[in-house]
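Morning, everyone. I will start with a sheet and then move on to charged pairs.

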Amino acid sequence: MISEALEFIFGKAEEAANPRPESYKLGKRRRIVTLAGEQHEEEIEPPKLSRRAHSLDSVATLTEEFSGEVATAFVAEDGIKVILDDDDRMETVVMSFEHSEQFNELCRLANGETQRKLVKILRTKLAGCVNNDLFTAIVRQLEFDVQRGSRSDIQHGGESLGNSVEKQVRAKAGEMPEEIRVTVPLFSVPHDVPTEITLTCAVTLDLDNQRIEIEPTGDSLLREKKRILQEIIGTLDSMMPE
């Protein structure tokens, strides 16, 4: 009993030295806080709410429904974010962008792919994306030729024997183009979002590893990304409330 009484006394002394605030709400945005016997009225910080949209139309609809006098939209490669300011709380409308499967597959081809796998990709994931109708046939009928033979060099009166390797590529269905144009959707998004890009891609043959590399040339990818984002901004602006 004595120990419990001492704990109670020490507890009260600690509360007096470090008073804890007690509060109760006063309406939706204010509350009364009692601290050390004194009452103070203070504002309650409103929660930041985020509404998720899945199309440009729903972005515009949610913005019109919940925004106050000011709404600011930001468009980037990862998506759209609209900040709604109703003078009382900060809310957002968010729409996320994800790169399409075709775009991701095209990016992976920059590292090179075997002939067999590339043919499969061109006939499935990138079907109809290459502007050269013969390209798939050219890739399928390529023949990588690696011929090894002996060679002899005479240097300083002595003879050095070694191996020479002759590498060739034969294209039966036509000459392998140095460049192709590939059209893919940049994002995997609803139909009301502009997303189709066309890229000039270099075709490189890795003879040592018998792989084929396909990679966008120069700044074509950067330019197409900027163009698509500008189109999205223009489309969204035409949908947004005045």
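**The sheet and its helix**

Four strands form an open sheet in the order β8-β13-β12-β11, with antiparallel pairing. Strands here are DSSP E runs of at least two residues, helices are H or I runs of at least four, and both are numbered from the N terminus. Two strands pair if DSSP finds at least two bridges between them. β8 (113-114) and β11 (179-185) are the edges; each has a single partner strand, so one side of each lacks a neighbour in the sheet.

A word on sources. This is a predicted model, where local features need pLDDT of at least 70, side-chain atom pairs count only at pLDDT 80 or more, and totals for chains, interfaces and linings use all residues. Residues are numbered from 1 along each chain as its sequence is written, and side-chain values use heavy atoms, with hydrogens and water left out.

Now β13, residues 211-216. Two bridges join it to β8. Arginine 211 in β13 stands opposite threonine 114.

Next, salt bridges: a side-chain nitrogen of Lys or Arg within 4 Å of a carboxyl oxygen of Asp or Glu. The whole structure has seven. Which residue pairs with lysine 225? Glutamate 77, with the closest N and O atoms 3.0 Å apart. Lysine 225 is in helix α6 and glutamate 77 in the loop between β5 (70-76) and β6 (79-85), so the pair ties together parts 148 residues apart in sequence.

Arginine 227 and glutamate 231 also form a salt bridge, at 2.6 Å, N to O. They are four residues apart in helix α6, so about one helical turn separates them.
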